[in-house]
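Please look over the sequence and the model together, and keep both in view while reading.

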Amino acid sequence: MFNKQLLSAAAAFSMVSGVFGVGCDDPTATIKSAADATQVANCETIEGSVLIDRNAGPNIDIGGKLTEIGGDLRAENNGLINVLTSSSLQTVGGVFALKNVTKLSTLNFPRLGEVGSIDWATLNALPEPTFGNPGITKAKSVTIADTFIENIDGINVDSLTDMNINNNRRLTKFSTSIKSLTNTLYVQANGLNLTMEMPNLEWIANMTIANVTSFSVPSLHTVNGSMRFDSNYFTTFIAANLTEIQDGDLSFVSNPELTNISIPSLERIGGGFTVANNTGLEKLDGFGALNEIGGAVKVRGTFTDIELPKLQDVKGAFEVVSTEDISKSCTTLGDLQGGVVQGDYNCKGNDANANNDTSDASSDGSGSGTDDKQNAASPISVSMSTILTLAATGVFFSAFL
């Protein structure tokens, strides 16, 4: 009888104190207090996910024995956490999700090297995440949106499917060692002086870059889909090793400071080619090897000189319009009519409205496109990743007299 009473008392105490509230083998280990965090830290591996409750805080430390979380690590809709840290965690198998954690000012994971993906949004107090060296080197995708983050250099993944960096108004520098992206790189509406360096990027499927002051991709040699630059502030774009845009478009639209585009080794664009409303760009002479364009050509601006000396095949229409006198260029380009250009041909200068049409040259060769950049410089909302709902599993303990 005494042993049963003692066991019942222990069970009651454990449910009150939360001793058995967090288990290493639980599908979801929910942290509601610093004591819960200590229990999680004492596990070498959490097989499921770790969920930080919306009322947990202000300091959550899961450093100790813990090296791996098999599922997600999530903190969402929490206005109490100031510090989230772990000196031991190395792997998060699922999503490392931080969303609407508005007071988080310190994020410190010096040993974290592998995550399934990063999904951060609405972090209003975090200036910079702290990772070790070399930082996070393995992830499938990265989304960082609507934060006060100033620097994210600790993300050094070799290969990603997607990277989405948008509406981080204090982000002024981003340097990464990424070598390939198999789906999309999207950068939009971040800090006004954002400099972006991707020295090791060799191959990418699709790229959209907007509102960037400096963008460097010296090793890029292949774009599988499309590459577009809208409303940026850089003066020069150079991609010395880029040889082919396989299936998509190349476009430079409404980049007011742009004075030079140099892609000297580019031989083929699989889709359309658009250069429009870049009011500082007077010469288009950086495409000396361009031989084939699979869609239409639309070149509109304040040009005085347009040179495409190696162009042999344009599957669609060809339009060159300038506010300036380009009669000499039009005479040279006129040789493209009939044989090289398979669609309609138009080349004219002294047109005051040359910069007004910023629609894309069509990939299908029709020469018309939808103007989807009526206000490309303004911030736009980007849909966030789908949130996985995880049912928390409680542990019940009962004893019978």
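A disulfide is here a pair of cysteine sulfur atoms within 2.5 Å, and in general terms such a link is a covalent bond between the sulfur atoms of two cysteines. The model to which this cut-off is applied is a predicted one, and by this rule the count comes to two disulfides. When the bonded cysteines of the chain are numbered in sequence order, the pairing reads 1-2, 3-4.

One of these bonds is formed by Cys24 and Cys43, whose sulfur atoms are 1.9 Å apart, a separation that can be checked against the cut-off of 2.5 Å. The pair links distant parts of the chain, 19 residues apart, since Cys24 sits in the loop between α1 (2–17) and β1 (28–31), while Cys43 sits in the loop between α2 (34–41) and β2 (45–46). The torsion about the S-S bond of Cys24 and Cys43 is about -85°, and therefore the disulfide is left-handed. Is each of the two partners, Cys24 and Cys43, buried, partly exposed or exposed? Cys24 has a relative accessibility of 30% and so counts as partly exposed, whereas Cys43, with a relative accessible area of 4%, is buried; the reasoning rests on the rule that buried means under 20% and exposed over 50%, with partly exposed in between.

The other bond joins Cys330 to Cys347, with a distance from S to S of 2.1 Å. Cys330 lies in helix α3 (residues 327–333) and Cys347 in strand β33 (residues 345–348), so this pair ties together parts that are 17 residues apart in sequence. Because the torsion about the S-S bond of Cys330 and Cys347 is about -85°, this disulfide is left-handed. As for accessibility, Cys330 is buried, and Cys347 is buried as well.

The next stop is Asp313, a residue of strand β31 (residues 313–314). At 18% relative accessibility Asp313 counts as buried, because the limit for that word is under 20%. The side chains of Asp313 and Lys315 are joined by a polar contact of 2.5 Å. If the neighbours within four places in sequence are left aside, Asp313 is in contact with Asn291, Glu292, Ile293, Val340 and Gln342.

The last topic is the aromatic rings, where a pair is described by the distance of the centres and the angle of the planes. The structure holds 12 aromatic pairs, and one of them is the stacked pair of Trp120 and Phe131, with 6.4 Å from centre to centre and 20° between the planes. Since Trp120 lies in strand β10 (residues 114–123) and Phe131 in strand β11 (residues 130–131), the pair ties together parts that are 11 residues apart in sequence. Trp120, at 0% relative accessibility, counts as buried, and Phe131 is buried too, with a relative accessible area of 13%. A tilted pair is formed by Phe229 and Phe237, with 4.7 Å from centre to centre and 50° between the planes. Phe229 counts as buried at 0% relative accessibility, and Phe237 likewise counts as buried at 0%. Which residues make up the aromatic cluster that holds Phe229 and Phe237? Phe215, Phe229, Phe234, Phe237 and Phe252 form one aromatic cluster.

Conventions
Residues are numbered from 1 along each chain as its sequence is written. This is a predicted model: local features need pLDDT of at least 70, side-chain atom pairs count only at pLDDT 80 or more; totals for chains, interfaces and linings use all residues. Side-chain values use heavy atoms; hydrogens and water are left out. Helices (H or I, at least four residues) and strands (E, at least two) are DSSP runs, numbered from the N terminus. Buried means under 20% relative accessible area, exposed over 50%, partly exposed in between (1.4 Å probe, protein chains only). A polar contact is a pair of N or O atoms within 3.5 Å; within protein, one must be able to donate a hydrogen and the other to accept it, and residues adjacent in sequence count only if both atoms are side-chain atoms. Contact means heavy atoms within 4.5 Å. Rings of Phe, Tyr and Trp (its six-membered ring) pair if their centres lie within 6.5 Å; planes under 30 degrees apart count as stacked, over 60 as edge-to-face and the rest as tilted.
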